[in-house]
Amino acid sequence: MKNKKFKLILCLALLVIINPSTVNAMHIMEGFLPIKWCIFWGVLSLPFLVLGMKKLNKIFKEQPNKKILIALAGGFVFVLSALKIPSVTGSCSHPTGVGLGAVIFGPTIMSVLGIIVLLFQSLLLAHGGLTTLGANTFSMAIVGPFVSYGIYRLLKRQNLSSSICVFAAAALGDLATYVVTATQLSLAFPNPIGGFGASFGKFITIFAVTQIPLAIAEGLLTTVVYNLLVDYKKAGVLKDENIN
């Protein structure tokens, strides 16, 4: 019991660390991307969303007891991705929270949870936007989870501890999201002299200042939450074969 209380306290402490005092920025904001890129990223995201919906419906039908855990994964994404630090013009740095759900349920389900979170944030919190929903979904809810899941499975095959695997998955999934965001901004706004390469170098460098420490903090927090779920599974509160 004392160990669980310590983990809960550590969770709160990490949230304080990654919670910035300034929150006036957002994901790639409404109207910032040219319409052709809004359409491109939206169309590119559609197949992943369809696969995610099919898998989510299958779980709801065959394993309805997992609904609460799926809701937890979605809430984790919502809370962490709402914590923002202004970074590149028109965007921001923030944790993503997608690593936890990707490790437990796989990447495609997180595409559905991610777009729901992004939609609510754009409508209720003015974070992100409807025209940039496809771009934000592709970076945070598709690429991030796929990288997290891939890293986790790769490290588990090396017989590393779950804590190391989850930390690396969450941290690198977070960083992958911002590599894609930098790519999206660079494609939309290439440097007049150096083109895409110059823009990408500028965006990724500016992102790195805030995103690297945030990714480390997210990795630690995700590991603590995952280990709490493992403890609850051992206590018989949770029954999920993917938590071990």
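How many helices and how many strands are there in the protein chain? In the predicted model, the protein chain holds eight helices and two strands, and from the N terminus on these elements follow the order α-α-α-β-β-α-α-α-α-α. Of the 244 residues of the chain, 50% count as buried, while the accessible surface comes to about 11,400 Å², with 72% of that area belonging to carbon and sulfur atoms. Among contacts between residues at least 6 apart in sequence, 77% join residues at least 24 apart.

The largest nonpolar core comprises 34 residues, and those with the most contacts inside it are Leu100, Ile104, Phe105, Tyr152, Tyr226 and Ile243. Two or more residues are given to this core by each of helix 2 (35-62), helix 3 (67-81), helix 4 (98-105), helix 5 (107-124), helix 6 (133-156), helix 7 (162-188) and helix 8 (195-234). Another core, of 17 residues, lies apart from the largest one and includes Ile28, Trp41, Phe138 and Val180. In soluble globular proteins, nonpolar side chains tend to be buried together.

Threonine 108, which has its place in helix 5, was examined individually. Threonine 108 counts as buried because its relative accessibility, at 14%, falls under the 20% limit used for that class. When residues up to four places away in sequence are not counted, threonine 108 touches Phe48, Leu51, Gly52, Lys55 and Phe146.

How values were computed:
Residues numbered from 1 in each chain as written. Predicted model: local features only at pLDDT ≥ 70, side-chain atom pairs only at ≥ 80, totals over all residues. Heavy atoms only, no water. Core = buried A, V, L, I, M, F, W, Y, C linked by side-chain atoms within 4.5 Å. Buried < 20%, exposed > 50% of the residue type's maximum accessible area, 1.4 Å probe, protein only. Helix = DSSP H or I, 4+ residues; strand = E, 2+ residues; numbered from the N terminus. Contact = heavy atoms within 4.5 Å. Areas by Shrake-Rupley, 256 points an atom, 1.4 Å probe, with all protein chains shown as cover.
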